[in-house]
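This report looks at how parts of a structure pack together. Please have the sequence and the structure at hand while reading.

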Amino acid sequence: MPEWKPEILRRLVPLKLAPAREAEIAEEVAQHLEDRYQELLSSGQTENDSFRTALEELQGEDLLARGIKPVVRNLYSEPIVPGKDGGNFLSSIGQDIRYAFRMLAKSPAFAAIAILTLALGIGANTALFSVVNGVLLNPLPYPHPSQLVALYGKAPGYDQAPVSYPNFLDWQRDTHSFSSIALYHNEDYNFTGTGEAERVSGYMISADFFETLGVKPILGRTFRADDDQVGAAPVAILGGGFWGRRFGSSPDIIGKSINLNGTSYTIVGVIPSSFSFYGHDRDVYTPIGQWNDPSFRDRGIVFSSGMVGRLKAGMTLSQAKADMEGITRNLASAYPEADKGMSAALVSMKEDIVGNVQPFLLVLLVAVGFLLLIACANVANLLLARSMGRSREFAIRAALGASHRRVIRQLLTESILLAGLGGALGLLFAFWGTKAVLGTLPDALPRASEVSLDFRVLLFTLSVSLFAGILFGLAPALKTSRVNLQEILKEGGRGSSGARHRLQGIFVAVEVAMALVLLVGAGLMIRSLAALWRVNPGFNPSHAITFSLSLPASPTTSSAETRARLRAFDDKMLSIPGVEAVSVTLGSRPMQHSSSEAFWIEGRPKPANLNEMNQAMFYLAESGFERAMGITLKRGRFISPQDDEHSPVVIVIDDVFARTYFPHENPIGKRIHLATFNVQAEIVGVAGHVKQWGLGADEKSAIEAQFYYPFMQLPDHIMRLAATGVAVVLRTKGDPAAVTGPVRKAVEEIDPREVIYNVQTMDEVVSNSFAARRFSMILLSVFAALALVLACVGIYGVISYLVGQRTHEIGVRVALGAQRGDILQLVLGHGAKMAFAGVVIGAAAALGLTRLMASQLFGVTAHDPLTFAGVAALLMLVAIAACYIPARRAMRVDPMVALRYE
Amino acid sequence: MDRTASALAVEWKKGSAELLILSLVETRPRHGYEISKLIEQRSGGAVRFHVASLYPLLYRLERRGWLHGRWVEKSGQRRRRYYRLTPQGRRILASQLRGWRQFVHGINRITRRTTETENA
């Protein structure tokens with residue numbers, strides 16, 4: 001019989017068909033030629049003639065291929081014989097992926113659980129990484145951001161204090177390490193004249209503020225040195241947002257005038273609306289050098305302000321520190337009265353912005369990493385359990401010639417596919433999760449607006465998914481591929497699987513251990529928060545609100561006018577039903593803003609200069625302050641309405657002040673001299689201490705002594721600062737939110753130019769003071785809860801799988817007389833053993849890891865035995881509960897059914 | 001068969017090959033060689049398909065989903081690939097036949113009238 005196939009195959013070569021399809025066509029066509037050949041033979045032709053005639057059917061060399069080409073290309077694919085090497089690398093990868101999809105589609109429940117578990121793990125990681133990326137990793141949005149440095153003064157009691165204007169000018173002039181240093185001071189303005197009056201946010205800045213940051217105006221120019229001086233023509237730069245909002249982004253704004261606090265400013269430039277500085281943009285910028293308040297130019301008086309500098313190229317932070325140290329030393333010897341003991345504190349601007357959230361975020365990143373590991377362990381367990389059912393499949397593949405390596409690759413493809421699908425879903429979770437978390441707690445994080453799912457986050461998710469896929473896929477794949485062929489084929493699937501059970505047990509123990517670490521972390525944070533809530537802040541935040549009030553004023557407004565206006569305001573407020581007490585103040589309010597004053601005690605030696613004087617924090621208060629803030633009076637009396645501009649100056653000190661400066665005497669009746677107020681005051685009362693720096697703040701590092709000064713007794717040079725606006729504290733009978741409407745209305749009735757803004761309840765102020773801790777606690781709790789659920793599912797899965805595998809054994813036991821209780825004990829004991837091992841490992845790990853979060857804890861140590869014991873007990877309990885359902889199933893095993901197949 | 005008839009057969013074969021194959025497998029599945037033999041026999045040798053054109057055509061019809069090929073092993077024989085008409089192929093065949101009949105009818109009416117006129 002002639003060989004047709006070589007003739008045919010030769011003609012098919014150019015088509016590069018998949019081998020199986022090629023063989024199929026060759027077989028079919030060969031059969032045709034053979035039929036023709038036989039027919040010709042039987043009609044009497046010779047073998048040679050028959051052969052030649054039959055071969056003519058192929059009609060030359062290329063007709064067959066040309067005919068088939070448009071039809072068969074891309075149509076047929078190699079039937080998959082998984083594990084068998086063949087074709088090129090890429091085609092076999094494609095094959096693996098197709099096969100993996102088919103395997104997942106075959107067990108949708110398994111696939112769904114695995115993908116969901118991974119999506120939770122990867123989603124949580126992606127969400128947190130996107131936060132870390134936006135806050136910690138992304139550079140600040142300025143050119144050469146690593147050169148930007150925040151500069152502070154360092155004085156006894158203050159690690160990072162503002163610097164007086166004359167000192168700033170000297171720093172700026174004498175520095176060799178900075179190419180420029182700029183000063184900024186927060187100053188809000190009443191914007192009037194064009195349309196509705198508005199309170200606008202602003203910065204007073206030194207001329208080279210924008211040059212230092214490397215920000216260019218989109219219109220006009222920034223300030224020049226000659227703008228930045230007393231007596232220069234008032235000029236302003238607009239923020240891009242304000243320009244768009246109030247001026248419709250009109251390009252001919254340059255040269256026009258706007259009215260701020262009654263003064264006309266010429267607009268010289270517009271800053272891009274994308275500009276943001278410490279998380280905020282401003283409506284207007286004015287030159288700080290035009291500020292002609294004498295106290296501003298007093299070296300001894302410090303206004304709240306900030307400084308930012310740009311290092312010269314190649315200069316390091318430590319070189320700059322050395323440079324500034326020299327400058328401050330010189331200033332201290334030149335102006336001992338104001339500058340003695342004063343030095344500079346330098347910190348990179350990025351660290352200044354995000355420094356205090358870095359430890360929180362890193363702890364959370366570790367926590368969320370654990371969550372992913374738990375998810376991986378869970379999926380690995382699922383795969384292991386599933387691989388039991390597939391051992392015959394792998395044995396058959398191996399018997400068909402699949403290599404060990406090839407089978408592992410196939411299994412890894414399946415797990416990476418799972419991880420990829422989990423990652424895609426996780427990305428979706430992350431998108432929603434990040435939004436939800438940042439939406440609920442926007443104040444907790446600096447740079448929150450810069451958090452987004454960018455390219456780096458996507459890359460992270462991709463790598464995490466890949467890593468997870470290999471991590472949870474490798475162990476089961478290695479285990480599975482090393483099957484004993486004969487045994488499995490012989491036993492029909494119920495193979496010896498002791499090693500696999502051990503591996504599952506280890507996975508469960510690891511899951512429990514990691515869940516314990518997370519639970520301990522969350523537990524410690526919850527206990528810290530609870531401890532914080534129990535701290536007495538020294539005032540009563542409930543039913544108290546605070547807001548800012550801007551007043552219409554001109555440069556000629558006198559102190560008497562301001563006092564009269566504020567008294568009218570008080571009366572109006574008290575006439576509102578539901579308002580119990582009211583007091584105006586300036587700046588300082590509990591946990592919000594602080595001002596301090598140097599003083600000396602009459603009858604004791606007067607210190608030589610300001611820096612050698614003691615410092616105390618002060619609140620400006622009217623008689624209503626005590627009730628409005630809920631301050632407790634310990635001795636003497638509080639400020640009364642009679643403590644006005646006509647009567648001798650009095651103050652009320654707090655008990656820390658009393659303890660520190662009058663440890664063994666009664667402070668009432670003592671007199672102190674206030675340095676910058678330049679007044680003598682008599683102490684008339686002692687009040688309880690207010691936790692100014694937050695409930696959990698370390699009190700040793702900051703100024704703690706406090707006093708209350710009667711607002712109406714402010715010396716004229718300070719009362720001038722109150723002319724344009726004050727802060728107000730107010731106590732209400734009922735819901736504070738219900739009062740804000742009437743308050744606004746009443747303010748408008750007094751004078752439509754008066755505006756209230758920044759309304760906050762004191763409860764909000766208190767809870768914002770530990771927003772970062774709360775953020776951390778909420779996330780840790782969510783992660784811990786997820787970890788607990790995943791660990792439970794893991795234990796439940798393994799135990800119910802083992803029960804399923806051991807049904808036969810349990811049946812035998814029952815048949816031999818084991819009681820139900822024995823079976824229950826057997827199963828629960830198995831689960832408890834795994835959980836206990838996990839708890840022991842986890843406790844050891846937690847002891848080491850909770851130290852990382854020691855700085856975030858309050859009122860509880862990182863090794864708090866109660867938390868550890870409670871969490872361990874909870875975890876054991878939950879683990880045993882998870883074992884109970886399969887254990888009950890085991891108890892109900894009917895020996896007849898279990899043994900029927902023997 | 002004269003030369004004109006043979007040239008015409010080539011042209012018509014192109015247009016009607018699908019129809020021929022579909023109608024041959026209408027009643028029962030057939031393998032490729034059987035199909036080619038039947039075409040040759042029933043056309044009295046006027047139409048013949050060689051391997052190089054028959055199989056591409058079969059594959060094309062299969063790809064379109066009009067035919068379904070299946071390997072069948074009958075006892076004592078080597079296995080062969082049998083093609084049967086799919087439901088879709090059945091619909092296509094019906095519509096092609098309808099079109100063919102209308103065409104033939106049209107041709108007939110024209111040629112009959114011409115013959116009649118000439119005769120008259």
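## Two packed helices in chain A

In this predicted model, helix α25 (residues 771–805) of chain A packs with helix α27 (residues 820–849) of chain A: their axes come within 11 Å and cross at roughly 145°. The crossing of α25(A) past α27(A) is right-handed. Two packed helices are described in general by the angle between their axes and the distance between the axes.

Which residues make the contact? From α25(A) they are A:Ile795, A:Ile799, A:Leu802 and A:Val803. From α27(A) they are A:Val827, A:His830, A:Gly831, A:Met834 and A:Ala835. Sorted by class, the contact of α25(A) with α27(A) has seven nonpolar residues, two polar residues and no charged residues.

## Chain A as a whole

Chain A has 902 residues, and 43% of them count as buried.

Contacts in chain A can also be sorted by separation along the sequence. Taking those between residues at least 6 apart in sequence, 83% join residues at least 24 apart.

## Where chain A touches chain B

How many residues of each chain are in contact with the other? There are 17 in chain A and 14 in chain B. On the side of chain A that touches chain B, α2 (19–42) and α4 (63–72) of chain A each supply at least two residues. The largest share comes from α2(A), with seven residues.

By class, this side of chain A has nine nonpolar, four polar and four charged residues.

## The sheet in chain B

Chain B contains an open sheet of three strands, in the order β1-β3-β2, with antiparallel pairing. Why is one side of β1 and one side of β2 left without a neighbour in the sheet? Both β1 (30–31) and β2 (67–72) of chain B stand at the edges, and each has a single partner strand, so one side of each has no neighbour there.

The pairing of β2(B) with strand β3 (residues 80–85) of chain B is antiparallel and runs over six bridges. Within this part of the sheet, B:His68 stands opposite B:Arg84 in β3(B).

A helix also packs on the sheet: α3 (residues 51–63) of chain B, which touches β2 and β3 of chain B. The direction of α3 makes about 115° with that of β2(B).

How values were computed
Residues numbered from 1 in each chain as written. Chains lettered and ligands numbered in written order. Predicted model: local features only at pLDDT ≥ 70, side-chain atom pairs only at ≥ 80, totals over all residues. Axes fitted to C-alpha atoms, helices over the stretch in contact; angles between N-to-C directions. Helix = DSSP H or I, 4+ residues; strand = E, 2+ residues; numbered from the N terminus. Left-handed = near helix turned anticlockwise from the far one by under 90°. Contact = placed C-beta atoms within 7 Å. Nonpolar A, V, L, I, M, F, W, Y, C, P; charged D, E, K, R; others polar. Pairing = 2+ DSSP bridges. Buried ≥ 20, exposed ≤ 12 C-beta atoms within 10 Å, placed from the backbone.
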